[in-house]
Amino acid sequence: MTTSALAAHPTRLRRSLGLWSIVGLGLGYMTPMTVFDTFGYVSDESGGVVPLAYLFALVVMLFTAISYGRMTRVYPSAGSAYTYASETIHPNVGFLVGWTALLDYLLLPLVNALLVRQYFESFFPDVSGWVWVGGYVALITLLNLWSITSTSRVNAALLVFQVVLIGVFVILAWGALQQGAGNGTAFSIEPLYHANVQIATVISAATIVCFSFIGFDAITMYTEEAKDAHTVPKAIVLALLLGGLIFFTAGWFAQSLFPATEGFTEGTALPEIAFSVGGMLFQIFFVSAAIAAAAASSLASHASVSRMIYVMGRNGTGPISRRLSYVHPRFRTPAVAVVLVGIVSLGAAMADLDFVFSLINFGALIAFTVVNLAVIIHFAIRRREVTTVKQVVRNIVLPAIGVVLTIVLWLNVSGDAMTYGLLWLGIGVVALLVMTRLFRRRLRMSLEEDAVIAEGDEGADALLEEDRQRLAAGE
């Protein structure tokens, strides 16, 4: 590699993730065990049709997943919705989308640390929450600093453990239903539809469970670490469909076994569901799987949001941006961004779960809406690909349906989520005004990594060959 090529391209993220590693990170982010944590609340909210709420949310997310897949082919950047909005609409809009999405992505690692703190405090009530949060966040941060490969491997092991336990739950639930528990059969249509079902309550419940699907979009943030960036769109759809299948199946059997949720204590229903199905021993294993799920989600969410911060820093100017875009020369990870996410996660020692949950969905739903709009703007308006019926369907109809369905969910978020989300957005507007000097200065948008992938020039080929040699050497 020439000196000029090295000067033009500083230390970059390492391309080491295959298709199934990326799918696993997406599924780990989704946290399959969440279906049991929120079962009692979602069942009450939906009127006893938890699987229908998940099915509705899956359909909404599928339209958006297709849009994410298409945009990541056009702009293969770790910046995700931030990049797509910046390039197709305006850098200022992109900044606000990225800023709003940060509210969700930054808080999810904190939520997982908070859940782990609560799990351990239930066993060791006399130990300060700072002990559990400090140790747990330090471990997750160090794993993310080490390498994305180690993060992916640990995530895969934790993901397999929780999926196996969900499979055991389904088997135990099947046996209990055969003996007359709950609906008395796994084939009753009651978990999907009954006389008291109302579309308004189903949509409201779908707004809650769409939080579970946040993770398929985070896959786009691994684009610059994929061995082949063109596998990312496939990974997005695979993660979404596999996650939806797990949520639907687990929700179906839980709802069949517990058509009414009277008797569940307020908060997570997971320990009580586990004890009812398999007794104390299964409850211990199931709670262990829940902790593993939180850890897997922590790893994946910590990794993805640090990539988003890295790209936003790379596109900024000044000393803060330079530090945020720093990549460790040996580990090839965005070290400063990773540590920053760890510092934010320490707030789990003091945060209230209900308050944090009220903030989660706001920014993600805005990002979903904007990504669907970006498809219309890029393909239908800019490239004018609307000359055939197929192009009209792909470039206008499908993303427009995604916009409408996402807005329906967005309008049904809680009042607290709307209030605090708009407050966070307002802070972002102020920050934008300062950075642009009241819009007199244009934000810089750089897609250095994207050019390496898309252009295929001599310097890009040399950089990609360097990555291949590193992978072959096992670095």
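Student: Where does Asp217 lie?

Tutor: Asp217 lies in the loop between H10 and H11. Helices (H or I, at least four residues) and strands (E, at least two) are DSSP runs, numbered from the N terminus. The model is predicted: local features need pLDDT of at least 70, side-chain atom pairs count only at pLDDT 80 or more, and totals for chains, interfaces and linings use all residues. Residues are numbered from 1 along each chain as its sequence is written, and side-chain values use heavy atoms, with hydrogens and water left out.

Student: Is Asp217 buried or exposed?

Tutor: Buried means under 20% relative accessible area, exposed over 50%, and partly exposed in between (1.4 Å probe, protein chains only). Asp217 has 0% relative accessibility and therefore counts as buried.

Student: Which residues does Asp217 touch?

Tutor: Contact means heavy atoms within 4.5 Å. Leaving aside residues up to four places away in sequence, Asp217 touches Tyr68, Ser80, Tyr105 and Phe368. The C-alpha atoms of Asp217 and Ala81 are separated by 8.5 Å, although these residues are 136 residues apart along the chain. Ala81 is itself one of the buried residues of H6, a helix spanning residues 81–88 in which seven of eight residues are buried.

Student: How many helices and strands does the protein chain have?

Tutor: The protein chain has 19 helices and zero strands. Of its 475 residues, 54% count as buried. Among contacts with a separation of 6 or more, 83% join residues 24 or more positions apart.

Student: How should I read the crossing of H5 and H10?

Tutor: Axes are lines fitted to C-alpha atoms, for helices over the stretch in contact, and angles run from 0 to 180 degrees between N-to-C directions. The axes of H5 (residues 50–74) and H10 (residues 199–213) come within 8 Å and cross at roughly 65°. A crossing is left-handed if the near helix is turned anticlockwise from the far one by less than a right angle, and right-handed if clockwise; that of H5 and H10 is right-handed. Residues making this contact include Phe56 and Met61 of H5 and Val209 and Phe213 of H10. Ala, Val, Leu, Ile, Met, Phe, Trp, Tyr, Cys and Pro count as nonpolar, Asp, Glu, Lys and Arg as charged, and the others, Gly among them, as polar. By these classes, the contact has 14 nonpolar, one polar and no charged residues.

Student: At what angle do H7 and H12 cross?

Tutor: The axes of H7 (residues 91–123) and H12 (residues 270–314) cross at roughly 155° and come within 9 Å. Angles under 35 degrees count as roughly parallel, over 145 as roughly antiparallel, 65 to 115 as roughly perpendicular and the rest as oblique. H7 and H12 are therefore roughly antiparallel to each other. Their contact comprises 18 nonpolar, six polar and no charged residues.

Student: How many aromatic pairs does a search of the whole structure find?

Tutor: Rings of Phe, Tyr and Trp (its six-membered ring) pair if their centres lie within 6.5 Å; planes under 30 degrees apart count as stacked, over 60 as edge-to-face and the rest as tilted. The search finds 16 aromatic pairs. One of them, Trp174 with Phe253, is tilted, at 6.2 Å centre to centre and 40° between the planes. Trp174 belongs to H9 and Phe253 to H11, 79 residues apart. Trp174 is partly exposed at 35% relative accessibility, whereas Phe253 is buried at 10%.
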